[in-house]
Every structure is written in C-alpha cells, then in structure tokens.
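This report describes one protein chain for a reader who has the sequence and the model at hand. Please keep both in view while reading.

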Amino acid sequence: METTNGTSINNHKFTIPAVNDVEQQQASMELEPTDDFNYSKRSQWLRAAVLGANDGLVSTAALMMGVGAVKQDIKAMILTGFAGLVAGACSMAIGEFVSVYSQLDIEMAQLKRDKLRDENRETTDEEEEEKGSKGEKESLPNPLQASAASALSFSVGAMVPLLAASFIKEYKVRLGVVVGAVSLALAVFGWLGAMLGRAPRVRSAARVLVGGWLAMAITFGLTKLIGSSGL
C-alpha cells in the first residue's frame with residue numbers, strides 16, 4: 001500500500017516500549033533519593049529534646065558537684081541529684097508548654113486573619129486552598145509534644161550523673177566518674193542533635209561539652225569558696 005507522495009507505509013517502523021522497561025524506569029525513579037526534605041520540620045521536637053537533655057545533664061551534675069564540694073557523703077549527692085531531676089523535669093515541661101502554647105496562639109490568630117482576608121477575594125481553585133490550609137495546620141507547633149519531649153529528655157540526661165555516682169563510695173573517684181560520664185554524655189547528645197539537624201557535628205559537640213564543663217567548674221568553685229568561708 002502506497003500513499004499519495006509515493007512513500008510506503010511499510011518502510012516506517014513504530015517501536016512500542018516494553019512493559020518491563022517502563023516498570024524499571026518507574027522503579028528507578030521511586031528509588032532515587034530525594035534531598036528536598038525540610039529539616040526545619042524537626043526543629044520543634046528536636047530543639048526541646050536536645051535542650052532538655054543538655055539541661056538535665058548539666059544542671060543535675062552541677063548540683064551534685066556543688067554539694068560534693070562541701071559534703072563528701074554519697075547520700076547527700078544522690079538526694080540532691082534526685083531533687084534536681086524532679087524539679088528540673090517539671091520546670092522544663094511547664095515552661096516549654098507555656099512557651100509553645102503562646103506561639104500556637106499567635107500562629108492560630110494569624111491563620112484566622114489570613115482566612116478572613118481570603119474570604120473577601122474570589123477563589124478559583126478550592127482544592128488547592130484546602131491543601132494549603134491543611135499543610136498550614138500540620139505545621140503548627142504542638143505544646144504537649146514539646147513539653148513531653150523536654151521532660152523526658154531532661155530526666156534521661158539527669159539520670160547519667162545519678163547512676164554514675166550511685167555505686168562509688170570513694171569521694172574523689174566519685175567526682176571524677178561523674179565528670180567523665182557527664183562529659184561523654186554531653187558529647188554524644190551534642191553530636192546526635194547535630195546529626196539529626198544536619199549541622200556541623202564536631203563543632204556542636206565541642207560547644208555543648210565546653211559549656212557543661214564551665215557550668216560544673218563554676219558551681220563547684222563557688223560552692224567550695226562559700227563553704228570554706230564558714231557562711
């Protein structure tokens with residue numbers, strides 16, 4: 001069979017891609033890693049967790065070191081650390097709840113203002129607006145999540161110096177073990193927070209570690225000074 005311009009249809013070859021090739025292409029597209037993940041979405045719970053763990057480590061260890069500067073009794077150090085754990089966890093949870101709830105109120109008020117403003121305009125795509133509204137609600141902060149993360153992480157951090165000092169009766173050895181355990185935990189928490197947030201790991205771990213050392217040293221030194229002066 002020939003066309004009007006004298007060319008033959010049989011000379012043209014039409015190739016249809018195989019089904020397996022199409023499936024392989026789709027599978028490869030699905031397996032390709034995507035780098036467009038927004039790590040800022042983790043900031044809500046990550047900030048509360050890292051802050052709580054660091055506070056639990058530093059504050060509890062500093063309290064125990066301060067008491068240990070004037071009293072060598074192991075019972076006094078343990079009771080001080082336990083009281084610091086309970087008080088600190090409650091304080092972190094309440095403070096984080098109030099702070100995040102205030103932020104939630106501000107963002108909810110802004111969403112209401114935006115909604116009222118959009119109602120005065122003509123909308124052409126309702127489905128797109130619903131998706132946008134749903135995404136905005138999902139990005140709102142969660143006060144309960146933040147407060148629970150703060151309290152739990154504070155308790156976990158505070159358990160490190162408590163456990164380190166619980167089984168050592170020798171005074172100087174106990175102080176050294178507490179400092180060593182807290183230093184290791186501070187470095188690990190700083191490295192972990194930087195890894196989850198895709199931040200410089202060594203710099204973050206070093207910053208947290210030096211800050212913890214300063215807090216323990218200042219507390220120990222001032223308490224020792226006041227205790228030796230007889231006040």
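Valine 160 sits in helix α5, which covers residues 143-166; helices here are DSSP runs of H or I with at least four residues, strands are runs of E with at least two, and both are numbered from the N terminus. The structure is a predicted model, in which local features need pLDDT of at least 70 and side-chain atom pairs count only at pLDDT 80 or more, while totals for chains, interfaces and linings use all residues. Residues are numbered from 1 along each chain as its sequence is written, and side-chain values use heavy atoms, with hydrogens and water left out.

Valine 160 counts as partly exposed because its relative accessibility is 23%. Buried means under 20% relative accessible area, exposed means over 50%, and partly exposed lies in between, with a 1.4 Å probe and protein chains only. Apart from residues up to four places away in sequence, valine 160 touches Leu57, Ala181, Val182 and Ala185, where contact means heavy atoms within 4.5 Å. The C-alpha atoms of valine 160 and alanine 185 are separated by 7.6 Å, although the two residues are 25 residues apart along the chain.

Serine 147 also belongs to helix α5. Its relative accessibility is 9%, so serine 147 counts as buried. When neighbours within four places in sequence are set aside, serine 147 is in contact with Ala93, Glu96 and Phe97.

**Helices α2 and α3 and the loop between them**

Valine 67 lies in helix α2. Beyond four places in sequence, valine 67 has contacts with Ala76, Met77 and Thr80. Glutamine 72 is placed in the loop between α2 (43-70) and α3 (74-119). Glutamine 72 is exposed because its relative accessible area is 54%. Leaving aside neighbours within four places in sequence, glutamine 72 is in contact with Tyr171 and Arg174.

Glutamate 107 is part of helix α3. With a relative accessibility of 26%, glutamate 107 counts as partly exposed.

| Residue pair | Separation in sequence | C-alpha to C-alpha distance |
|---|---|---|
| Valine 67 and threonine 223 | 156 residues | 7.5 Å |
| Glutamine 72 and leucine 175 | 103 residues | 9.7 Å |
| Glutamate 107 and leucine 140 | 33 residues | 7.3 Å |

Leucine 225 is found in helix α7, which runs over residues 201-228. Leucine 225 counts as exposed because its relative accessible area is 55%. Leu225 also belongs to a nonpolar surface patch with Val210, Trp213, Leu214, Ile218 and Leu222, and together these residues have about 600 Å² of accessible area. Patches consist of residues with over 30% relative accessible area and no salt bridge; like charges are joined within 9 Å, and nonpolar side chains (Val, Leu, Ile, Met, Phe, Trp, Tyr) within 5 Å. A salt bridge is a side-chain nitrogen of Lys or Arg within 4 Å of a carboxyl oxygen of Asp or Glu. Accessible areas come from the Shrake-Rupley method with a 1.4 Å probe, and for residues only the protein chains shown count as cover.

**Annotated regions**

The unreviewed UniProt entry carries the annotation "transmembrane region" for residues 76-94, 148-168, 175-196 and 208-227. UniProt positions are given in the numbering used here, feature names are shortened, and annotations may be inferred rather than shown by experiment. In the model, residues 148-168 are 90% helix and 0% strand, and their end C-alpha atoms lie 32 Å apart. Residues 208-227 are 100% helix and 0% strand, with end C-alpha atoms 29 Å apart.

**The chain as a whole and its confidence**

The protein chain has seven helices and zero strands. Of its 231 residues, 28% are buried. Among contacts with a separation of 6 or more, 79% join residues 24 or more positions apart. The chain exposes about 15900 Å², of which carbon and sulfur atoms supply 61%.

The mean pLDDT of the chain is 77, and 70% of its residues reach 70 or more; pLDDT is the predictor's confidence in each residue, from 0 to 100. Confidence is highest in α5, at a mean of 90, and lowest in helix α1 (residues 19-31), at 48. Over residues 1-14, pLDDT stays under 50, and the model has four contacts beyond four places in sequence for them. Over residues 27-38, pLDDT also stays under 50, with one such contact. Where pLDDT is low, the predicted coordinates should not be read in detail.
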